[in-house]
Amino acid sequence: MRLYLAAPLFTEAERKYNSYLCGLLEDAGYDVFLPQREVSQYEGLHKPSRIYSADLAGLRSADCIVAICDGADVDSGTAWECGYACSRGIPVIALRTDFRAFGTDERFNLMIQESARKVVVNIWELLQALQTIHNLVKK
């Protein structure tokens, strides 16, 4: 199953966590499109149109989106990727390890939270949710 890992990638810490999570997912047998890795293979990395085109191709080829939704607010690029996936019927699993919440029913941005097929709080739950989606995709 092909995954698209939607996540902020602007700090060294974010990129290291993304790479770590990508490695775990690949070790579990998933084919992962990691934007920070895939886009760097293109010439003109800093050309917005190339980044956009590469990421859009990755989204379109994905069976499922894994979205890191930590922080006081979900990263704007990640939010866009989730919205795009939702509009195309691609399931989104939101990984929210951040324990902050907006309220009892709203743990993070309501539109992202409600568009996710599943919200998980750790990598173990993520792997379980992916297995469920994988079984649905195979049918």
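Me: Is Arg100 buried, partly exposed or exposed, and what is its relative accessible area?

Reply: This is a predicted model, so any such value is computed from the prediction. Buried means under 20% relative accessible area and exposed means over 50%, with partly exposed in between. Arg100 has a relative accessible area of 43%, so it is partly exposed.

Me: Where does Arg100 sit, and which residues does it touch?

Reply: Arg100 lies in the loop between S4 and helix H5 (110-115). Leaving out residues up to four places away in sequence, Arg100 touches Gly71, Ala72 and Arg107. A further pair to look at is Arg100 and Asp70, which are 30 residues apart in sequence and have their C-alpha atoms 8.9 Å apart in space.

Me: How many bridges join S1 to S2, S1 to S3, and S3 to S4?

Reply: S1 and S2 pair in the parallel sense over 3 bridges, and Arg2 has Asp31 as its bridge partner in S2. S1 and S3 are joined, also in the parallel sense, over 4 bridges; here Leu5 stands opposite Val66 in S3. Strand S3 (residues 64-68) pairs with strand S4 (residues 92-95) in the parallel sense over 4 bridges. In that pairing, the bridge partner of Ile68 in S4 is Leu95.

Me: How many residues of S1 and of S3 are buried?

Reply: In S1, 4 of the 5 residues are buried, so the strand is largely enclosed by the rest of the structure. In S3, 5 of the 5 residues are buried, so S3 is likewise largely enclosed by the rest of the structure. Both faces of S3 are covered, with Cys64, Val66 and Ile68 buried on one side and Ile65 and Ala67 buried on the other.

Me: How should I read the packing of two helices?

Reply: Two packed helices are described by the angle between their axes and the distance between the axes. For helix H1 (residues 12-27) and H6, the axes come within 12 Å and cross at roughly 45 degrees. That angle makes H1 oblique to H6. The crossing of H1 and H6 is right-handed.

Me: Which residues make the contact of H1 with H6, and of what class are they?

Reply: From H1 come Tyr17, Tyr20, Leu21, Leu24 and Leu25, and from H6 come Ile123, Leu126, Leu127 and Leu130. By class, this contact of H1 with H6 has 9 nonpolar, no polar and no charged residues.

Me: How do the axes of H3 and H4 cross?

Reply: The axes of helix H3 (residues 48-60) and H4 come within 11 Å and cross at roughly 40 degrees. H3 and H4 are therefore oblique to each other, and H3 passes H4 in a right-handed crossing.

Me: Which residues of H3 and H4 meet, and how do they divide by class?

Reply: Tyr52, Asp55, Leu56, Leu59 and Arg60 in H3 meet Trp80, Glu81 and Tyr84 in H4. The residues of the contact of H3 with H4 divide into 5 nonpolar, no polar and 3 charged.

Technical notes:
Residues are numbered from 1 along each chain as its sequence is written. This is a predicted model: local features need pLDDT of at least 70, side-chain atom pairs count only at pLDDT 80 or more; totals for chains, interfaces and linings use all residues. Side-chain values use heavy atoms; hydrogens and water are left out. Two strands pair if DSSP finds at least two bridges between them. Helices (H or I, at least four residues) and strands (E, at least two) are DSSP runs, numbered from the N terminus. Axes are lines fitted to C-alpha atoms, for helices over the stretch in contact, and angles run from 0 to 180 degrees between N-to-C directions. Angles under 35 degrees count as roughly parallel, over 145 as roughly antiparallel, 65 to 115 as roughly perpendicular and the rest as oblique. A crossing is left-handed if the near helix is turned anticlockwise from the far one by less than a right angle, and right-handed if clockwise. Contact means heavy atoms within 4.5 Å. Ala, Val, Leu, Ile, Met, Phe, Trp, Tyr, Cys and Pro count as nonpolar, Asp, Glu, Lys and Arg as charged, and the others, Gly among them, as polar. Buried means under 20% relative accessible area, exposed over 50%, partly exposed in between (1.4 Å probe, protein chains only).
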